[in-house]
Amino acid sequence: MSVRCGIGYDLHRLAEGQKLIVGGIELPFEKGSVGHSDGDVLAHALCDALLGAAGLGDIGTHFPDSDPKWKGANSLRFLEHARKLLDEKHFAIEHVDAVVILEKPRLGPHFPKMREALAGALGVTVEHIHLKAKTNEGVDAVGHGEAIAAHVVATLSRP
Ligand code: MG
């Protein structure tokens, strides 16, 4: 069996009048992420981690933001498509570990629903998805509440 890891990173600006969607879940907050799709940083970083581990490029390769088809798209669809691409290459998802960085709101209470949504899109159990959250200690754009970022490492196996 071969094991491969991939890393993914994403950042979106936060602005009023936008929805805040993280890990497929809409969170009640005064600001939301600005993006061509639904601006889900966690789903985007996860998608890049999966594609990277499989050697399949990145999210921009498969879902270009120049394509009107993806405007306002539910980013869980990106994960479902990534999962199909992994299946075609006979990759199984062993584990996903993620950290989301934002100043507010607190994400921990929403983790169970996020894990369910992400695991559902990827066709794995929630035990395969591990989520963590950090603030940026008030420093830089993320710390000033102007942006949200995520880092994800995904581990795949292949017989
Ligand atoms: Mg993005």
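The following conversation asks how some descriptions of this predicted model are reached.

Guide: This is a predicted model in which local features need pLDDT of at least 70 and side-chain atom pairs count only at pLDDT 80 or more, while totals for chains, interfaces and linings use all residues. Residues are numbered from 1 along each chain as its sequence is written, and side-chain values use heavy atoms, with hydrogens and water left out.

Visitor: What makes D10, H12 and H44 donors of the magnesium ion?

Guide: Donors are N, O and S atoms within 2.8 Å of the metal (3.2 Å for Na, K and Ca); D10 (OD), H12 (NE2) and H44 (ND1) lie 2.1 to 2.2 Å from the magnesium ion, so they count as its protein donors. Water is not among the atoms, so the site may look incomplete.

Visitor: Why is H12 called buried?

Guide: Buried means under 20% relative accessible area, exposed over 50%, and partly exposed in between (1.4 Å probe, protein chains only); H12 has 10% relative accessibility and therefore counts as buried, and H44, at 8%, counts as buried too.

Visitor: How do you know that strand β5 and strand β7 pair?

Guide: Two strands pair if DSSP finds at least two bridges between them, strands being DSSP runs (E, at least two residues) numbered from the N terminus. Strand β5 (residues 92-101) and strand β7 (residues 147-158) have 9 bridges in the antiparallel sense, so they pair, with A98 standing opposite V152 in β7.

Visitor: What makes β4 and β6 edge strands?

Guide: In the open sheet of 5 strands, whose order is β4-β1-β7-β5-β6 with mixed pairing, β4 (31-33) and β6 (129-134) each pair on one side only.

Conventions. Helices (H or I, at least four residues) and strands (E, at least two) are DSSP runs, numbered from the N terminus.
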